[in-house]
Amino acid sequence: MMRAPFRFSRNAVAEELSFPTPGTRHLAFDPVAFADGAPSQALRGQFPQLQFSSLGGAWTSGSLKGADVLLVAVDGASPVDVDGLCINLRESGRADQVVICLTNADLATTRRLIREGAADVLPAPVSEPALAATLERIVGRLETAAPLPAASGQVVSFLKAGGGVGSTALAVQVAAILADNGRGPRVCVVDLDVQFGSAAMYLDVQDSITIGQVLSTHGELSEMGFASALRPHASGARILGAPAEFVPLDALTPNVVDALVSALKRDFDIILLDLPTAWTAWTYRALRQSTRIVLVSQLTVPHAHLIRRQLNLIETQRLEDIPITLVCNRCGGDNPTGVSLRSVAGAVGRPFDVTVPDERKLMNEAINQGVALSTLRRGSKLEKALVQLGELIAPKAATAKPNRGN
Ligand SMILES: Nc1ncnc2c1ncn2[C@@H]1O[C@H](COP(=O)(O)OP(=O)(O)O)[C@@H](O)[C@H]1O
Ligand SMILES: [Mg+2]
C-alpha cells in the first residue's frame, strides 16, 4: 500500500530564557517596547536588583519564560494581537507581573488590558520615568510577597504516540536511575493514566497511597506530605500510582491536577507525570506546569503519524514553548520494523533525541520483579539509553553516576 508522504511544518521549541545570576529578579522585554530597542543604562542603573534580558521578539505564549517581570508590546490597532495578548495574560496566571507597551493606544484597549489584570499599560514608545515608576511598584510587591515554598521541583510530562509504546516502563526506570539509591534528587513518578496505569506495579510499590486518596481529598492537598506517605522503592524513587478501582478520566479536574502538582513540587526535586494516551480536560494543566515534555514513540509509520498529531496538538494548545524530548523506544535490537530512523525523523520534521533499544527479556524481567534495570544487569544498552534520557531531563542530577546497584 502506498502511503501519502507527510510533512510536519513547524518545530518551534523555544527554551526558557537563561538568567544565570541567582538572588536577582529578572525582567524580560520585547525590544519593540523601547525607542532604542533596549532599556537605557540609566534605567538599568536605577534597578541594580533587576537583570534585563531581551525576549527576542513578541510574547507568544502564556509562559513568563522564567522571568519575574515581562515587558511586552502590542498594537492596539490589531484586534487579533490584542486578543492573543489577553489569552496569554490569562494563561500566565501572573498578569500582574506583565507590563504592556501599547502602540496606537486607545481607552477601550487600555481598559480591557487592565481588566485582564496587567500590571500597567503604557503608551508606546515607553517613557522610561513612567516605566521606572511601574517597575518600582512591581518589584516592591514581589519583594514583600510571601516567600515561595522552599523546594520548587521540576515537572516532566511523559506523553506517548499511542498506547503501549513503553512510556510507563521508561518513566519508572528513568526515575530509578535519577534517584540513584537515595543518593540522587528526590524523584516521584505520578501515574495520571488513571484507568490503565501500572507504574506502581512496574516498580512493585503497590501498597502506597494512590491517586484515589488524592481524589478523596477534593484538592485539599497541602497537608498530604507525599514524601513521607509514599514508600520509596529500593532505587529511592517514589511512585504515586493510579487507583486500584476504576475511575473516569474526568474524576481528575484541572484544579485537582494544579493542586496536586503544586503539592508534589514542595516535596520532590523531580516529578515525572505519566499521562494517558487520551487528551483530557486537565492534560493542558499538567503540561503547562511542565518544564519539559518527553514524547515516547516507536519506529513505525503509524507511530510517526501519531507523533505528528501529538506535536500538532501541543502547538494548537499553545504549549510549543515547552522543550520537547522525542524518544524512539524499542528501536533496533530484537525489534526490526523495516522503517529507518531517518525516514521517520524526516516525516516528523525533527530527529529523535534519544533512541532506546528493544531489550524485551531485560525489560520484562525488571517489570516482573519490580526492580531497576541495574539490579538485574549493569551497563546494558537499555540502561545506557535511559541514563542519556535522565541527563536530558535533569542535567545536574544524572551526571557522574556510572555504577549503581543494590
Ligand atoms: N525498550 C523496551 N524493550 C522491550 N520491551 C519494552 C521496552 N519498553 C517497553 N517495553 C514493553 O512494552 C510494554 C508496554 O510498556 P508500557 O510502559 O506499559 O507502555 P505505555 O505506558 O506506553 O502504554 C511492556 O510490556 C514493556 O515491558
Ligand atoms: Mg502506561
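Setting aside residues up to four places away in sequence, T60 touches K65, N88 and R318. T60 sits in the loop between strand 2 and strand 3. T60 and R318 are 258 residues apart along the chain, and their C-alpha atoms are separated by 8.3 Å. Please keep in mind that this is a predicted model.

**The chain as a whole**

- The chain contains 15 helices and 12 strands.
- Of its 406 residues, 51% count as buried.
- Take the contacts between residues at least 6 apart in sequence: 78% of them join residues at least 24 apart.

- Is strand 1 largely enclosed or open? Four of the five residues of strand 1 (residues 25–29) are buried, so the strand is largely enclosed by the rest of the structure. "Buried" here stands for under 20% relative accessible area.
- Strand 1 runs parallel to strand 2 (residues 50–54), and five bridges join the two. In this pairing, R25 has L50 of strand 2 as its bridge partner.
- Strand 1 also runs parallel to strand 3 (residues 69–75), this time with three bridges. Here L27 stands opposite V69.
- Together with helix 1 (residues 41–46), strand 1 and strand 2 make a right-handed β-α-β unit.

**Strand 4 and strand 5**

- Strand 4 (residues 98–103) and strand 5 (residues 120–123) run parallel and are joined by four bridges.
- C101 has L122 in strand 5 as its bridge partner.
- To get from strand 4 to strand 5, the chain passes through helix 3 (residues 107–115), and this β-α-β crossover is right-handed.

- Another open sheet has seven strands in the order 8-7-9-6-10-11-12, with parallel pairing.
- Its edge strands are strand 8 (238–240) and strand 12 (354–355), each pairing on one side only.
- Five bridges hold the parallel pairing of strand 6 (residues 154–160) with strand 10 (residues 292–297). One example is F158, whose bridge partner in strand 10 is V294.
- Helix 11 (residues 301–316) packs on the sheet and touches strand 6, strand 10 and strand 11 (324–328). Its direction makes about 160 degrees with that of strand 10.

**A closer look at S297**

- You will find S297 in strand 10.
- Is S297 buried or exposed? Its relative accessibility is 0%, so S297 counts as buried.
- Leaving out residues up to four places away in sequence, S297 touches A161, V165, H303, I307, V327, C328 and N329.

**The nonpolar cores**

- In soluble globular proteins, nonpolar side chains tend to be buried together.
- The largest nonpolar core has 46 residues, and those touching the most other members are V190, L192, I211, F226, L240, L252 and L260.
- Helix 9 (residues 254–267) gives the most to this core, contributing six residues.
- Which residues are in contact with L240, leaving aside its neighbours within four places in sequence? They are C188, V189, V190, D191, I209, T210, I211, V214, F226, L230 and L260.

Note on methods: Residues numbered from 1 in each chain as written. Chains lettered and ligands numbered in written order. Predicted model: local features only at pLDDT ≥ 70, side-chain atom pairs only at ≥ 80, totals over all residues. Heavy atoms only, no water. Core = buried A, V, L, I, M, F, W, Y, C linked by side-chain atoms within 4.5 Å. Buried < 20%, exposed > 50% of the residue type's maximum accessible area, 1.4 Å probe, protein only. Contact = heavy atoms within 4.5 Å. Pairing = 2+ DSSP bridges. Axes fitted to C-alpha atoms, helices over the stretch in contact; angles between N-to-C directions. Right-handed = clockwise from strand over helix to strand, strands pointing away.
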